[in-house]
Amino acid sequence: MQQADFQLIIIGGGPAGLTAGMYAARGRLKALLLEKGATGGQVLVTDWVDNYPGFAEGITGFELMDKMTAHADRFGLEKKFATVDSLDLVDDIKTIHLDNGDRLTSRTVILCTGAKPRKIQVPGEEELQGKGVSYCATCDGPFYRDQEIAVVGGGNTAIQEALHLTKFAAKVTVIHRRDELRATKILQEKAFAEDKIDFLWNARVSEIVGGTGGVESLNISYNDGSTSSLPVTGIFILIGVVPNNEVLPLDQLETDNYGFIITDDEMCTKLPGVFAAGDIRSKNFRQIINAAGEGATAELSAEHYLGNQV
Ligand code: NAP
């Protein structure tokens, strides 16, 4: 059988990748986790995690990911901080090209590249990013102490982060394109009971207007055709995610209409020896607990595949 550098390479160090890595290290596979930034993924910038089993009092996203990293480290998971440039996943030996020119080979690969915030794609959004336009309430909330700000979206992220932003802002206006929220009922109840949160229903931001100091106001269009202007100094756009699939060989994999990778229940992609787990997978629910569970399943599937190859 052809030799490869590793039995398993995991790409991405969020909850899915770290769990797969922890299982692989504990299972004594020759495994490597590749991560371009810090391990932890999107959860690192999540203010508070209230629904991860075992943490009855809740835990910050940062702390939870610190613990997951430490858990994988305890079993000696090998990690490399590097950016993947491209992958060739078709042959029995998979090849991973890094942007520094290095090339790694592995018998199996688990893709855990995750997802990133979706944009509203209106005038002003790109130009004013970092000057009042944000996609991360935990990162940027403290800049808006006693100011009036807006949150776009009606899902769990938007409502959870709108509640978080009330710790800083004088007023938070949630702008949602329908007349009811998608967020879970418990978050809705908290948001409706919060005096600092107002709602604009059936409304979309059509333009983010800035001046020399950054964002100054939002132009709003309502579904009935009317318009208004909302003076704010910050806008948090929290309307879901798009896949981090830029370096993935999409011609070799099967994806859904949005570019998320399709797998079976065992996390197998259509390519033998290639698995996917976490937010990069095509699915309805993107929770930390799902990502971790899928990471475990993907690693066990990789072990099973390797066992059958011997
Ligand atoms: P989401 O559930 O997909 O919600 C996206 C929200 O943005 C929806 O309200 C949607 O409106 C709106 N939206 C989408 N595109 C838009 C556009 N172009 N313009 C204006 N509004 C737009 O995304 P999410 O809230 O980021 O959550 C992602 C996943 O993480 C979900 O599975 C969620 O349950 C999970 N999550 C869980 C927790 C928790 O359990 N505490 C916390 C955060 C996230 P419509 O409602 O009209 O479609």
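Is Cys-136 buried or exposed? Select Cys-136 and find out: at a relative accessible area of 12%, this cysteine is buried (buried means under 20% relative accessible area, exposed over 50%, partly exposed in between, with a 1.4 Å probe and protein chains only).

Before you go further, a word on what is on screen. This is a predicted model, in which local features need pLDDT of at least 70 and side-chain atom pairs count only at pLDDT 80 or more, while totals for chains, interfaces and linings use all residues. Residues are numbered from 1 along each chain as its sequence is written, and side-chain values use heavy atoms, with hydrogens and water left out.

**Stop one: the disulfide**

A disulfide links the two, with 2.0 Å from S to S (the rule asks for a pair of cysteine sulfur atoms within 2.5 Å). The structure holds 1 disulfide, and this is the pair. Turn the view to look along the S-S bond: the torsion is about 75°, so the disulfide is right-handed. Cys-139 is partly exposed, at 37% relative accessible area.

Now pick Cys-112. Cys-112 takes part in no disulfide, and the nearest cysteine sulfur, 13 Å away, belongs to Cys-268. Cys-112 counts as buried, with 7% relative accessibility. Hop over to Cys-268, which is also in no disulfide and has the sulfur of Cys-112 as its nearest cysteine sulfur. Cys-268 is partly exposed, with a relative accessible area of 24%.

**Stop three: the two domains**

Colour 6-116 plus 241-307 as domain 1, and 119-237 as domain 2 (the bounds come from an automatic or database domain assignment). Their C-alpha centres sit 31 Å apart.

**Stop four: the interface**

Show both domains' surfaces. Together they bury about 430 Å², 43% of it on carbon and sulfur atoms (buried area is the accessible area, 1.4 Å probe, that two parts lose on being put together, summed over both).
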